[in-house]
Amino acid sequence: MAVTPESLHQRVIFKVLLLMVSGAGILYFLINIQRGLVGLAWAELAMSIASLWLWRNVDALKALRLWSFLYLIPFFSIILFALSDPRISYGMFVWVLLIPIVSYLLLGLWRGFAMACLFMTLAAIVYIWRFHSNPEVINTVVLANVMVCAAALWAFSHIYELSRERSQRILLKLASRDALTGLYNRLRLTEIFNRERQQAEVQRQPLSLLLIDLDYFKKINDHYGHDTGDQVLVAVASHIQRNIRRRDSAFRLGGEEFCILLPGSGREEAHAVADVLRTGLAEQHPLVAGLPVTPTLSAGVATLGDDGKDFVHLYSMADQRLYLAKHSGRNRVVSQGQALQGDTVEGERASSPVLQATL
């Protein structure tokens, strides 16, 4: 399971909550045993023991939100059970204010909202049922204070979680996308490949990897400048996105090198996709408005199974075929055979930043 910043954030909060509840549970067990509230005391002790067990094992939990959901239901229920006892003072209702805060922090925006709605509604029912005949508690000032405070905490919790999730989505997008072209960057390549490979193996479908490199791109940079070179890269990225399916994933690996993952496509289909990209690019006159710049591309194709079972072998084979296309005259697609033997090709392969990062 991939560890995300969100899961780390929620795991830390869950551990703090578990530690606090375990300590508070033991304290209230001792207090309520002395007060004769035996049922409540044992429920609090059971919650304390469960919290300690979860605290010791929380780092190993995989479905963290499910465990959080299953934990919060009895936790909030014990709070309401305690508040429903006539022997408990109305001052204990401050515990209700924890409900929206903890719900949002552990369950996220909409699950937290649903959990808060349920238990805040139940808490209001218990409050009215307990004190409907007590004029000292049920009066305009007290009700206004309780309602405004509860509403404020609920609103702040909702706004905080909403802004946190939005900020996280923006940061994740910035971290996973190439700033120039908007395509995925190479940091996401292995992650998405592993996901697609698992689906391909489960569904018994093919998966192909396509490596693309622009021909003589250095000459474009040298002759027209890097600004023009950047415009070419953006135009090529747009050309790729227009000619692949929604389920396909396109990446810019660095410089003028691109990669495409083609789930559900075998060798022939992947070759056809690469050839459409190649011929379509060559037919654009010009690629950059106002300048006679129309590069061609070379591509190498590798297919899961025949060319390897993991990312390293699949990428390596596509990389070999890409250089075979380069050394065979460029502006072509190679989907079968091995790379040319020689120090030049092997040296270029060894310097691949993607393979170096993976290895």
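Two strands are said to pair if DSSP finds at least two bridges between them, and strands (E, at least two residues) and helices (H or I, at least four residues) are DSSP runs numbered from the N terminus. By that reading, leucine 211 has cysteine 259, in β4, as its bridge partner. This is a predicted model, in which local features need pLDDT of at least 70 and side-chain atom pairs count only at pLDDT 80 or more, while totals for chains, interfaces and linings use all residues. Residues are numbered from 1 along each chain as its sequence is written, and side-chain values use heavy atoms, with hydrogens and water left out.

**The sheet**

- Six strands form an open sheet with mixed pairing, in the order β1-β3-β4-β2-β5-β6.
- At its edges stand β1 (184–185) and β6 (333–334), each with a single partner strand, so one side of each has no neighbour in the sheet.
- Strand β2 (residues 207–214) pairs with strand β4 (residues 257–263) in the antiparallel sense, over 7 bridges.

**Nonpolar cores**

- A nonpolar core is a set of buried Ala, Val, Leu, Ile, Met, Phe, Trp, Tyr and Cys residues joined through side-chain atoms within 4.5 Å, where buried means under 20% relative accessible area, exposed over 50% and partly exposed in between (1.4 Å probe, protein chains only).
- The largest nonpolar core has 36 residues, of which Phe14, Leu17, Tyr71, Leu72, Phe75 and Phe76 touch the most other members.
- At least two residues of this core come from each of α1, α2, α3, α4 and α5 (109–131), and α3 gives the most, with 10 residues.
- Apart from this core lies another, of 29 residues, including Val232, Ala237, Leu262 and Leu277.
- Tyrosine 71 is in contact (heavy atoms within 4.5 Å) with Phe14, Leu17, Leu18, Val21, Met47, Ser51 and Leu54, when residues up to four places away in sequence are not counted.

**Isoleucine 88**

- Isoleucine 88 lies in the loop between α3 (64–84) and α4 (98–107), and counts as buried because its relative accessibility is 4%.
- Beyond its neighbours within four places in sequence, isoleucine 88 is in contact with Arg35, Leu37, Leu40, Ala82 and Arg130.
- Leucine 37 is 51 residues away from isoleucine 88 along the chain, and their C-alpha atoms are separated by 9.5 Å.

**Tryptophan 55**

- Tryptophan 55 is found in helix α2, and its relative accessibility of 34% is why this residue counts as partly exposed.
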